[in-house]
Amino acid sequence: MKYLLLIALLIPLYSHAQIKSSGKAAKTPWGGTWWSMRKGELALGWYNNVDGRVQNDKSFALEFDKCISDTAKKCTNLFNELNKEKGKTLSPTMKFDLWVKNQVDAAYGVGNYPNMYSRATKNELEIHYIDNNPSHRHYEASGFAGKCTGWSLSAMEYAEPTKTKTINGVTFTPTDIKGILAAIHYAGQFFVPDQMYLGNAYRAEGPDHNQKFYDDPDPHLLINALEKHIKKDKKMIVADMDPSPGVWNHPVYAYELVLKEAKGTKVEGTLTLRYANDEVGIDDVFSTQTKRTDLLERALTLELTVPADWDKKIEKVKSSKWTGASKDKHPDSIILGLESGWRSKVYEYKNTEMKLEVNFQIIKKVNLGSGYKVIVDELLKKYYQ
């Protein structure tokens with residue numbers, strides 16, 4: 001009797017709320033680092049006492065690049081030593097450059113076709129390694145400049161790398177592959193159709209700064225997008241989860257909307273977004289975990305203004321606003337999808353801004369005897385097979 005009374009008392013608390021909508025993408029994203037441009041880990045690496053990786057300095061990275069096409073004895077000795085240990089001490093881009101060099105040398109002989117070597121490490125240092133250089137074009141944004149957009153977009157397309165594999169004599173860890181994926185997909189941001197973009201990322205510093213602080217997606221517009229892309233199409237979206245200066249993109253894979261009963265033309269509600277975290281241990285792997293520590297959620301409060309005869313269809317809502325703490329914690333901008341075939345369009349090198357931002361050496365086309373192909377695609381194919 002006591003329990004029946006308790007249930008009866010609880011019913012009124014929930015009778016004024018209803019789950020309006022929820023959805024989940026077919027794939028679940030995975031946590032990955034945001035690849036700080038200030039630290040330059042993609043090009044220089046980081047210390048890891050488990051797999052023997054070390055953090056190299058810039059002078060070594062440049063010497064490594066110079067030796068790629070140099071047949072002097074010291075360079076030959078360097079690459080003999082690196083190949084002996086399967087490149088385990090190297091950064092992701094150095095491993096890629098070593099892998100490409102070995103492929104080209106095997107096909108044509110050492111140094112015979114230097115134009116086919118990749119120089120991804122040198123290019124990464126030139127375009128994205130900020131360090132403490134005040135003349136770097138991203139210096140003002142060095143506190144947050146990175147490749148979170150590339151990581152987010154790659155998590156939409158690829159399963160999390162979870163294994164360490166030796167491919168053509170070079171050992172790639174899951175983090176190496178994550179870094180290479182982030183570098184490739186960083187270009188995706190240049191191929192977002194207008195109809196696939198909501199809001200306007202607030203960049204207060206850097207070469208692409210803008211001051212459109214309040215040009216953010218209203219709640220009802222975001223909900224409409226979630227209903228279409230996550231619930232109906234079963235696809236992830238990418239959201240800048242912070243409306244303050246800087247862009248902090250994350251892959252969002254699920255949502256839940258809870259609305260209260262309308263009071264006149266006002267409806268209060270809570271929208272919960274579920275997404276992957278980019279502030280994780282750089283070498284952590286999550287998809288093999290029983291408890292996914294890389295998946296986060298954020299509850300946002302909102303208010304809809306609805307017609308007097310509202311039939312509870314979100315598409316009929318004309319205005320809305322974020323409320324409470326959500327005024328400062330809602331998504332700033334949303335990428336709903338990319339142009340069809342965008343990967344092939346990257347290789348055309350036509351966008352000037354893109355040339356300054358995308359490491360084209362990592363998507364270099366190389367002919368190993370069967371025609372020119374984007375060689376990194378061959379690496380990814382072998383890793384995932």
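## Second largest pocket

Three helices each supply at least two residues to the lining of the second largest pocket: helix 7 (148–157), helix 9 (219–232) and helix 10 (342–346). Of these, helix 7 gives the largest share, three residues. Helices here are DSSP runs of H or I with at least four residues, strands are runs of E with at least two, and both are numbered from the N terminus. The model is a predicted one, in which local features need pLDDT of at least 70 and side-chain atom pairs count only at pLDDT 80 or more, while totals for chains, interfaces and linings use all residues. Residues are numbered from 1 along each chain as its sequence is written, and side-chain values use heavy atoms, with hydrogens and water left out.

The volume of this second largest pocket is about 390 Å³. A pocket is an open set of points, on a 1 Å grid over the protein atoms alone, with protein on both sides within 12 Å along at least five of seven lines; a cavity is a set of points where a 1.4 Å probe fits but cannot get out; lining residues have an atom within 4 Å of a point. Grid points are joined across faces, edges and corners, and a volume is the space filled by probe spheres set on the points. The second largest pocket has 20 lining residues, and Met 156, Lys 235, Met 236, Gly 337 and Leu 338 lie nearest its centre. By type, its lining divides into nine nonpolar, three polar and eight charged residues. Nonpolar covers Ala, Val, Leu, Ile, Met, Phe, Trp, Tyr, Cys and Pro; charged covers Asp, Glu, Lys and Arg; the others, Gly among them, count as polar.

## Cavity

The structure holds one cavity of 30 Å³ or more. The largest cavity has a volume of about 40 Å³, and its lining consists of Trp 35, Ser 36, Met 37, Gly 40, Glu 41, Leu 42, Glu 124, His 128 and Lys 147. Helix 2 (41–44) and helix 6 (120–128) each supply at least two of the lining residues. The lining divides into three nonpolar, three polar and three charged residues.

## Disulfide and cysteines

There is one disulfide, taken as a pair of cysteine sulfur atoms within 2.5 Å. It joins Cys 67 to Cys 75, with an S to S distance of 2.1 Å. The link is left-handed, with -60° about the S-S bond.

Buried means under 20% relative accessible area, exposed over 50%, and partly exposed in between (1.4 Å probe, protein chains only). Cys 67 is buried because its relative accessible area is 1%. Cys 75 also counts as buried, at 1%. Cys 148 has a relative accessible area of 4% and is therefore buried.

## Helix 5

Helix 5 (residues 92–108) has 17 residues and spans 24 Å from first C-alpha to last, close to the expected 24 Å. The expected span is 1.5 Å times one less than the number of residues. Gly 109 follows the helix and has a positive phi, near 95°.

## Tyr 384

Tyr 384 lies in helix 12 (residues 375–384). With a relative accessible area of 30%, Tyr 384 is partly exposed. Leaving aside neighbours within four places in sequence, Tyr 384 is in contact (heavy atoms within 4.5 Å) with Tyr 158, Ala 159, Glu 160, Pro 161, Ile 177 and Leu 181. Tyr 158 is 226 residues away along the chain, yet its C-alpha atom is separated from that of Tyr 384 by 9.3 Å.
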